[in-house]
Amino acid sequence: MTEEQQITSVHNPKVKRLLSLQQKSAERRREGCFVVEGRRELQHCLEAGYEVESLFVCSALRAACEELLALVASQAPATAAPSLYVLPASLYERVAYRGSTEGVVAIVRQRLLRLADLRLSACPLIVVLERVEKPGNLGAVLRSADAAGADAVVVCDPLTDLYNPNLIRSSIGALFTVPTVACSSEECIAFLRERGIGILTAQLQDSRPYYDTPMTGPTAIVMGTESTGLTRQWREAAQAHLRIPMLGRLDSLNVSVSAAILLYEAVRQRQVAR
């Protein structure tokens with residue numbers, strides 16, 4: 001860790017850059033960096049092997065962050081020690097993304113995975129989302145994927161970037177615990193077929209209840225947006241179409257709720273089959 005510096009103004013260039021990375025996906029892409037807030041999220045990020053570039057710590061909560069700061073310093077490359085900036089509480093509250101804060105915000109270098117980078121189990125369980133646009137929904141799906149022990153989440157033709165702060169916050173760090181890849185639908189379909197992974201699409205048309213659909217083999221559960229569902233290329237690529245019965249007056253669930261139901265059905269079937 002470099003020698004700490006005190007920052008007291010929101011107009012400081014370091015603070016302006018932090019806010020720009022929080023608020024603008026174009027800046028995150030241009031710089032290849034993103035922002036992580038919170039001790040738990042940052043610890044997951046470090047455990048996943050990400051490299052921290054700089055840290056912004058609230059002076060009033062400095063003592064509570066010491067263990068995490070030591071961990072950051074111990075994992076940093078010798079040639080790229082992270083910068084440490086200490087902010088008074090009044091300034092930190094202006095740069096913190098969420099209301100309840102834990103006193104630490106970090107700028108982290110991106111590490112984008114490709115499909116070829118995935119290390120899958122012998123019987124993988126993968127979640128595929130097509131054209132997801134709400135970062136909060138994607139974050140919630142990542143939490144469910146982590147809880148169910150899924151091998152990966154693949155986001156096809158995404159309408160939000162994977163390092164959106166709201167996505168990281170809603171996933172409570174699951175973005176770093178579950179391998180997550182962004183790619184085109186064509187690339188994903190080819191990848192799944194090459195590896196013999198069954199494609200199961202969640203859709204209303206020409207489908208059967210999810211609990212009647214086998215998920216004990218290599219499985220990719222594919223879901224689209226709540227408004228338009230899946231595109232034709234995914235429906236035609238599927239080995240089976242499944243649906244969650246809707247017994248009330250509405251015809252769909254939030255995609256993150258649907259993902260949790262289907263993932264745990266796969267878990268249930270696999271446990272029964274053992």
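In which sense do strand β1 (residues 5-6) and β4 pair, and over how many bridges?

Modeller: This is a predicted model, in which local features need pLDDT of at least 70 and side-chain atom pairs count only at pLDDT 80 or more, while totals for chains, interfaces and linings use all residues. Residues are numbered from 1 along each chain as its sequence is written, and side-chain values use heavy atoms, with hydrogens and water left out.

Strand β1 and β4 pair in the parallel sense, over two bridges. Helices (H or I, at least four residues) and strands (E, at least two) are DSSP runs numbered from the N terminus, and two strands are said to pair if DSSP finds at least two bridges between them. Within this pairing, Q5 stands opposite Y85 in β4, and the bridge partner of Q6 in β4 is V86. On strand β3 (residues 52-58), which runs parallel to β4 and is joined to it by five bridges, V57 also stands opposite V86.

The strand β4 itself covers residues 83-87, and five of its five residues are buried, so it is largely enclosed by the rest of the structure. Here buried means under 20% relative accessible area, exposed over 50%, and partly exposed in between, with a 1.4 Å probe and protein chains only. In a regular strand the side chains alternate between the two faces of the sheet. In β4, S83, Y85 and L87 point one way, whereas L84 and V86 point the other way, and all are buried.

Stepping back, β4 belongs to an open sheet of five strands with mixed pairing, in the order β1-β4-β3-β5-β2. The edges are formed by β1 and β2, each with a single partner strand, so one side of each is left without a neighbour in the sheet. Helix α1 (residues 13-23) packs on this sheet, touching β2, β3, β4 and β5 (contact means heavy atoms within 4.5 Å), and its direction makes about 90° with that of β2. Such axes are lines fitted to C-alpha atoms, for helices over the stretch in contact, and the angles run from 0 to 180 degrees between N-to-C directions.

Another helix, α3, lies across β2, β3 and β5, running at about 135° to β2. In α3 (residues 39-47), the buried residues are E41, L42, C45 and L46. Seen down the axis of α3, these buried residues fall within an arc of 135°, so they line one face of the helix; the arc is that of the directions from the helix axis to the C-beta atoms. What covers them includes β2 (33-37), β3, α4, β5 (104-109), α7 (165-171) and α8 (174-177). After α3 comes G49, whose phi is positive, near 90°.

S90 and C58 are 32 residues apart in sequence and 9.0 Å apart in space, C-alpha to C-alpha.

For context, there is also an open sheet of seven strands with parallel pairing, in the order β8-β7-β6-β11-β9-β12-β10. At its edges stand β8 (180-183) and β10 (208-209), each with a single partner strand, so one side of each is left without a neighbour in the sheet. Strand β9 (residues 198-202) and strand β11 (residues 219-223) pair in the parallel sense over four bridges, with T219 in β11 as the bridge partner of G198. Between β9 and β12 there are three bridges, again in the parallel sense, and L200 stands opposite A240 in β12.
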